[in-house]
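Work through the exercises below with the sequence and the coordinates at hand. Each task is followed by a solution in steps.

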Amino acid sequence: MEETKLINGFPHIHFSRDIFSKTEMLERSRSYFEWMNKRRTVRDISNRPVPKEVIEQLVMTASTAPSGAHKQPWTFCLVSNPKIKRKIREAAEEEEYRSYHDRMSQEWLDDLKAIGTDWRKPFLEFAPWLIAVFKKVYDLENGNRRTNYYVNESIGLACGFLLAAVHQSGLVALTHTPSPMNFLSEVLKRPENERPFLLIPVGYPDEEAYVPDLKRKPLAEVAVFYE
Ligand code: IYR
């Protein structure tokens, strides 16, 4: 087998991977489901420090996600600086206070009752790391605009990979969406081609952590087969 080949004039490398027997495939897919089904969004995050090297690896995993034309249109801002975390908490709580009091519909507030959220966001200060994910709506190469494609799909996938990597490392995360979150661009001084997408505190769960007793939909409710 040739190792490389030109396609459209561009080098392609030969691809191969481990292929498993049917039994092994079933066992691996089952155990991965069981493992991923243990992942929970956790709001009670401890202030116990998490090494920077772990966070670096988590971001490298997130950045393996597929993206439109392989542009990888994302920037992960990794915040452990207490002053910056405090600024983010204050700005987020200001917006969230207004959302919970004026901007969210009664239906929305009712839907959140079972989850137990409110405008207070202490985890933004106490979690050892905040990962502020920015989408690059376009790239800037020497001041020239270059188009990015399927930016929302791409960055959503990268965040999914990130959450799986956090879970794999034994840590917990919270997908937080302060709204509006333009304040993140200012606090973190991001360039104009980047827009905030998600704010993800990461850390160890508190010893006294509680999560809502959620049930996940069974297969029949989330899948339709056409055989
Ligand atoms: N952004 C708010 C409200 C909120 C909205 C949904 I939809 C949630 O699943 C949880 C919270 C907040 O972060 O509190």
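**Exercise 1. Find which residues R89 touches, not counting residues up to four places away in sequence, and state whether R89 is buried or exposed.**

Step 1. With contact defined as heavy atoms within 4.5 Å, R89 touches K121, P122, L124, E125 and F126.

Step 2. R89 sits in helix α3, which covers residues 82–103. Helices are DSSP runs of H or I with at least four residues, strands are runs of E with at least two, and both are numbered from the N terminus.

Step 3. The relative accessible area of R89 is 18%, so R89 is buried. The classes are buried under 20%, exposed over 50% and partly exposed in between, with a 1.4 Å probe and protein chains only.

Two notes on the source apply throughout. The model is predicted, so local features need pLDDT of at least 70 and side-chain atom pairs count only at pLDDT 80 or more, while totals for chains, interfaces and linings use all residues. Residues are numbered from 1 along each chain as its sequence is written, and side-chain values use heavy atoms, with hydrogens and water left out.

**Exercise 2. Identify the salt-bridge partners of R89 and E125, then name the network formed by shared partners.**

Step 1. Side chains of opposite charge can pair when their charged atoms come close. The criterion here is a side-chain nitrogen of Lys or Arg within 4 Å of a carboxyl oxygen of Asp or Glu; the structure holds 10 such salt bridges.

Step 2. R89 pairs with E93, with 3.1 Å between the closest N and O atoms. Both residues lie in helix α3, 4 residues apart, about one turn of the helix, and both are buried.

Step 3. E125 pairs with R86, with the closest N and O atoms 3.2 Å apart. Because E125 belongs to helix α5 (residues 123–126) and R86 to helix α3, this pair ties together parts that are 39 residues apart in sequence.

Step 4. E125 is buried at 18% relative accessible area, whereas R86 is partly exposed at 44%.

Step 5. A further salt bridge joins R120 and D118, the closest N and O atoms being 3.1 Å apart. R120 is partly exposed at 46%, and D118 is partly exposed at 29%.

Step 6. Through shared partners, salt bridges join R86, R89, E90, E93 and E125 into one network.

**Exercise 3. Determine how far apart R48 and S67 are in sequence and in space, and list the contacts of R48 beyond four places in sequence.**

Step 1. R48 and S67 are 19 residues apart in sequence, and their C-alpha atoms are 34 Å apart in space.

Step 2. R48 belongs to the loop between α1 and α2 (52–62). Its relative accessible area of 48% makes R48 partly exposed.

Step 3. Leaving aside neighbours within four places in sequence, R48 is in contact with P128 and Y204.

**Exercise 4. Describe the protein as a whole: its helices and strands, its box and its buried share.**

Step 1. The protein has 8 helices and 8 strands.

Step 2. Along the principal axes, its C-alpha atoms fill a box of roughly 60 × 50 × 40 Å.

Step 3. Of its 227 residues, 34% count as buried.

Step 4. Among contacts between residues at least 6 apart in sequence, 78% join residues at least 24 apart.
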